[in-house]
Structures are given as C-alpha cells and as structure tokens.
Amino acid sequence: MFPHTTRRGVLGLAAASVLGSEARSAAAADSHITIASHVSLAPTWFDPAETAGIITPFLLMYAMHDAIAKAMPGNQMAPCLAESWTTTPDGLAYDFVLRPDVKFHNGETMTADDVKFSFERYRGASHDVMKERVAAVEITDKLRVRFRLKAPWPDFMTFYAAASGAGWIVPKKYVEQVGEDAFKKAPVGAGPYKFVSFTPGVELVLEAFEGYWRKAPSVKRLSFRVIPDESTRLAALQRGEVDMALSIRGELADEVTRTPGLSLKPTVGSAPYWIYFPEQWDPKSPWHDVRVRQAVNLAIDRETMNEALTLGHSHLTGSVFPENFDFYWQPPAPVHDPARAMQLLKEAGLGGGFDAGDYHCDSAYSNMAEVALNNLREVGIRVQLRPLERAAFFKAYAERKLKNLIQGASGAFGNAATRAEAFVVKGGTYVYGNYPDIDTLFAQQAREMDRAKRTDLLHRLQQAVHEKTIYAPIWQLSFISAVGPRVEQSGLGLIKGFVYPAPYEELTLKTRT
Amino acid sequence: MKQYIVRRIGYSFLSLFLLSLTIFLFVRLTGDPASLLVEPGASEADMQAIRVQFGLDQPLWVQYWHFIASFVSGDLGQSFYYRTPVLDLYFQRLPNSLILAATAMTFSLLIGIPSGILAAVRVGKFWDNAGKVFALMGLSLPSFWVGLVLILFFSVYLGWLPSSGSGTIWHLLMPAFALGWYFAAAHMRLTRSSMLEVLGSEYVKLARLKGLPEAMVIGKHAFKNALIPVITLAGINLVVMINVAVVVETVFAWPGIGRLLYEGITFRDFPIVQGVVVIGGAMIVMVNLFVDILYALIDPRIRLES
C-alpha cells in the first residue's frame, strides 16, 4: 500500500487536506485550549515548595500559582504579589509591600503569613543556599514582610524570585489543613488557573480563576495532554485535537511550516550549549594552548548546524552566559573560519592536525555533536563521539571524570554571577580548573552592592572568559512549538528566555466570524 | 497428583522470587534516580535528601526486603515521580490495558486462526503463500512504524480516527490493530503448523476414509485438536498485551500499563518498574500454573511422567 512510505512523505501527502479542519476544531468546546505536552507532568510541579531550579515545572507554576516577583513580558523581575520592594542601605534586609486583596483559588486572601510560610516551607533546589543566608523572615504587618540577611547578598532577588520556587506563594491555612500530600493532589494557588483534575501521565485540567488579581483569563479551560511521541503530537495538532504542541523538532517542524493554518513558534530559552576544554590547565595537553581552543571556536559552522537542526531559529552565541540574564556582556559574534583555524593549529605546532581523543555529550544532543565532529575533522582535529545517557553524562561531568572535549549546556535560572559560579570559578560544580584573575573578579562582585560597579565587574569577568577561550560556545537552543489555527495569542515567546506559553492569562482564541 | 500440583506451585514461587530479585537488581544498574529528580548541578546534599526520602540510602538487601514485604502485603510502594501509590497507578491504567488487549486479541484471533487454517488446508498454494507474507510482515514490521503509518493515513490524511488518547471506541481501533497485527501473525503461524500436524494424523485420515465431508473433518476433528496450543499461546499473549504494550501505548498516547512502564523506565521510577514487571510476571506464572494443572487433569500421562 505504501511502497516507499516515509514519515515525511506521508506527512506531505496529508498536509494539503488537513487544515480545512476548522470544522473539526469548532467541535472542541468554546474557550478551551488543549496543550500537547512532551513530558509527563509530575505532581511535584504543582507545589512551589519542591521546585527545582529548572524550567520545566514553571510550565505549570505560571498557570496555578503566582510569585512575589517573576519574569513577565518586558520585565525579567516584574512585581506581582508584591507591589514593590526596597533594600536597606546596608544590604542586610529586603522589605516587601504585598498587593492587597489578592485571592487564592479557595477564596482566602493572601497575607504576609502566607509569604513567610511559603519561604519556610520551601525545600527545592536552592533550599540550602537560601537558608544559609537568610537570617529571618519578619512580618511587619498584614501586607508587609521583611527578609533579614546574615550578610549582604546582591543575588537575593535572583534566587528568591527567579531561580527557585521560594517566592511562589501558597495558602498557609489550606496547606496546614489538608497536609502536604493532599496539597499535591488538590493544589490551591493564586495563579490565573485553578486545578480541576489530574490523571497521572495522561491529562491535567485547569479552569480560569475569575478572581485573578491581574485579570481574568479569557480562555476558560486549559488542558495539558501528555503525548510523548513527537509525530503523534503533530498529528493531533493537524487534526485539531490539540491547539498547541510543545517541542516539535527537525523535519517535523519543517512540516509545520508547510501546513496551512499551523504556525511555528520558536522560543530561545536560557540554555546555551558549548564545547568545554577540561584539560586546558594541563601544560602537557594541546588544549593548554589558547590557539588550539580558538581553532575549535573558528572551526564550528554554527549557521549550517542551526539551519539543519533548528531551522535557523537558535541564537548563535559567543558566550556561555544566556543573553537574557542580568549582567550579560555581549561578546563579538562567533565566526566560522576554517582556514584561520588551520593557521592557528599550524602556529601551535599542530599543522598536520592531531588526534584529540573523545568528544563527550548528552546523547539527546548527539545530533549537534555529529555536526561539530565533522567541522573539527575538516580542520584536522580528529575526535571520537562518546554520547552518554543524560543523567550519566551530567554525573560524570560534575564528578570531573570526562576528558578531552565536553559538549555541555545549562538551562538553570539565575544571572551572570550564578552561571559563573557553577561553570567558571574555582569550586564550581562543572569547573575542572580555574584562573585566579577571574576568581578575584567573582569574589569582588559577590560583595559589591552597587549595581553599576557590580555590572562592570561581571562584564570584565565574562570578557576574560571569552578572551581565554575557556569555552567554545555554540548557540542558545531554540525550543520549537507549533500552534493551531484556533489560537490567537499562544503566550509562546512573550517572556524572554521562557520557552513555554506564559503568562497564561494572556492566551486568547480567535473570534469566529 | 497432589505432589505434582505442590511441585508446580513451588516452581511458580521460585520463578517469582527470581524475577523479583532480577528486576530489583537490574533497575538499580540503570543508575541513581536521584540524579533525575534534581536539576543538573544540584548539590550532593540535595541528592542525598532524595535518596533518604525514598529509602535508597539503605543497603540493597534492606531495600529488597522492604520491597518483598510490602509486595506480600499488597503494597508496591510509592512512585518517585508521581508521588502516588504504584498500585493506584496500576489500577488506574489497568482498565485501559484490558480493553486494548481484549480488542487486540479478538482481532488477532479473528484474523490469525482462519488464515492459519486456510494456509494449512491450501498448503503450498496461493492462500498459504499469502498467509506467509502476512505473517512475515506482522512479525517483522516494527509496531511503532505501523502505528505512525496508521495515524498518518487514518487520522491525518483521511481524518476518520482520532490520532491519540482514549475514551471512545474510535480511539481504540488503531492501537488495537497495531498491537494485534503482530500477534495475529504469530497465531496464524501456530495455527497453520498445528493444523498441518493434526491433518496428517491417523484419526483425520480415518475420518476421511469414513467419507465424512471435508468441512466436518477440518472443522470438527482437526480444528478442535489443533486449537489447544493456539489457545495456550493466546492466554500468555494476552498477559503480555496487558502489561508490555509499551511501544503501541506510547505512540498512541494510550494510558495503559505499557505506558506506565515506559514512564517508570524514563524517570528511573524503581517502584513503578518493579511493580509492573512483578505483577506481569505473576500473571504469566499463574496462567502457566493453571495450564500445567489443567493439562495434568486432562492428560494422565503428564502427571504420571512427572
């Protein structure tokens, strides 16, 4: 029946006929958006107290909960449940003024008690660092709360409001009344959508919360359907069974662009990818010579890689610091110049090329690695691909067991300082060696409360990372989603660096004519 | 007979014990689940807190003892990922798997048995060759590919059937076909070989010599006897369909036990993987035990030989 059937071929055959499916779409309930999720939703994501510093839980947090401050369109630290905040001149306290008359989904009014309770209850990824540095949380009155620090900590707001779930507020009375486990089964928050039902591994259903302080959502019902297979997600979108499909890559994304009525929504997240040289501190290693590292940087054909793998939507970068991070320094644009790369190798005494050992990567991104390997071979750097399953890769990376070349990445929240702490300065989780001048800059900025001075220090730090070619940065990966014909505003790309639809109260459907 | 049954029950318990030990150790070879439950770069303290919370800091034998003791008392533990008792998750998914498996099995028997009989009766001719091609395709085409082609053709191109999910009979058709096709091919092959063996037996020759109509020879005398191994295989296949339709359930986003197992493996959710595998194993062991006892009751040679 299908003598030469390929996924692409059949999709192509199908494309022309599919999206007269307005009629089928119309069968879907009015004012209802269904999002096909690429990952199975975990109940821990319903609870801000357990949020790890990764982006995925925020897919749901933006719907069900709200924070003291959070990233919003045009403002990476927008006041939300707090109307404003101030820092004392000595940098030892932060005073928050809460928004009055904010309601939780169960009708309770948010107070300073809830803010204190939510912070103290938080046990997610940044728990240790926050508890170490915060001396006390004091309730000044019903709508005022003070965080006292043990020492000045310029990154307090980064951790409290961006890199953790500590600043996302839950109702104290309700949690105490129902208990921790029951809270995950029937979460109550202050976000634009309230919980209706959850079937593990299948579906989460939410309903618009009319009392949301910012505005009542126009879409009355929101469903997240888990469809693990990418092709099936796209088929569901093409048939109008879902309105958005998260994570559609490669040739399937290409297919979306050819299907009438569907639109592609690439969003660039806070996840740069890079090649790291863990042996650059070993004088016997060829990677000790900065010219060899620069040769790698010049050998990578980022544009071709981008076109082939993410349809040109990823952002090519010369930095391991995400461009949407606070204190970001803009490096020169990366250049592809294989001739210059070979010249640099020759100057370094490696004119005939050399066997450079292994190229380690997370197996989920070995497609990037294969392109990079070919680029390196073209200039004479011969490496072998060593893909590892994700968890094993990051474990080996963090335990400093990998050698030669490492293709790394990070999507962790934070700012330029937190990124440097993990990946550049002495003692960082993924640091195999260090440069004293960079460590000094880092230590200075950590004590500096003057924002302008701190910015200058962090810019100098990033410039040093660039000049020493500690890394060969590749790109900030584009997360590609697809949107169906019913949706007017998908929310995708509204918040810089956030790859999921948000804020959800902005989602709208097209009005029918 | 009593001794025979006691021995078979003993073997069954031994099989279950070995299965539980094997799966318990194998899932732990895949690595530390704590590394998947925290973000890359989390501190060792965070990882340790996760290990303590789920009892993964205990010595292996203690963990195994807890697993077995809980299993015997009907508790399969709590899912690391879903924070829900595994038994609850299992029973949430079981009805979907039962419906899918029953439909796929009906389909596989309705296709496999008649085509197997036809191939045996017309051995070496067109229908036999057509059956061989059918069996070859059914056994060799990967079910994920079959599933995707079905989705693209019936769902996207023709728009007749929903692409994924569950809830109506229309959701059921494609996954049942994708799952049942492989088993239809297996049933066809076994029916054919079993029928060929029976058709060559003395009593069938005698029936023909007596001048019985061919339809009665095949339908009454040959088919009934040829059916026994097919039914035995179908029983075991049904258990396999219920518990390990991993690929089909994932492609069609069918919320069954196979997909639960897939999720358990993806997130290194040890309690889910252990629970699903041990329950599936227990079902197969019980079916085998039942069949062994039934055989012994029917055929005295078996119990006497044993």
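The expected span of a helix is 1.5 Å times one less than its number of residues. The exercises below use a predicted model.

**Exercise 1. How far does helix α14 of chain A reach from its first C-alpha to its last, and which of its residues are buried?**

Step 1. Locate the helix: α14(A) covers residues 366-378, which is 13 residues.
Step 2. Compare the spans. The helix reaches 18 Å, close to the 18 Å expected.
Step 3. List the buried residues of α14(A): A:M368, A:A369, A:A372, A:L373, A:N375 and A:L376.
Step 4. Look just past the helix. There A:G380 takes a positive phi of about 100°.

**Exercise 2. Find the buried residues of helix α4 of chain A and name elements that cover them.**

Step 1. Go to residues 112-121 of chain A. Buried here are A:A112, A:D114, A:V115, A:F117, A:S118 and A:F119.
Step 2. Find the cover. It includes the strands β5 (93-98), β6 (134-141) and β7 (144-149) of chain A, and also α7 (172-178) of that chain.

**Exercise 3. Describe how α12 and α13 of chain B pack.**

Step 1. Take the geometry. α12(B) (residues 257-266) and α13(B) (residues 270-298) pack at about 145°, with axes 8 Å apart.
Step 2. Assign the hand: the crossing is left-handed.
Step 3. Name the contacts. From α12(B) come B:I257, B:L260, B:L261, B:E263, B:G264 and B:I265. They meet B:I272, B:V273 and B:V276 of α13(B).
Step 4. Sort this contact by class: seven nonpolar residues, one polar and one charged.

Conventions:
Residues are numbered from 1 along each chain as its sequence is written. Chains are lettered from A and ligands numbered from 1 in the order in which they are written. This is a predicted model: local features need pLDDT of at least 70, side-chain atom pairs count only at pLDDT 80 or more; totals for chains, interfaces and linings use all residues. Axes are lines fitted to C-alpha atoms, for helices over the stretch in contact, and angles run from 0 to 180 degrees between N-to-C directions. Helices (H or I, at least four residues) and strands (E, at least two) are DSSP runs, numbered from the N terminus. A crossing is left-handed if the near helix is turned anticlockwise from the far one by less than a right angle, and right-handed if clockwise. Two residues are in contact if their C-beta atoms, placed from the backbone, lie within 7 Å. Ala, Val, Leu, Ile, Met, Phe, Trp, Tyr, Cys and Pro count as nonpolar, Asp, Glu, Lys and Arg as charged, and the others, Gly among them, as polar. A residue is buried if 20 or more other C-beta atoms lie within 10 Å of its own, exposed if 12 or fewer, and partly exposed in between; C-beta atoms are placed from the backbone.
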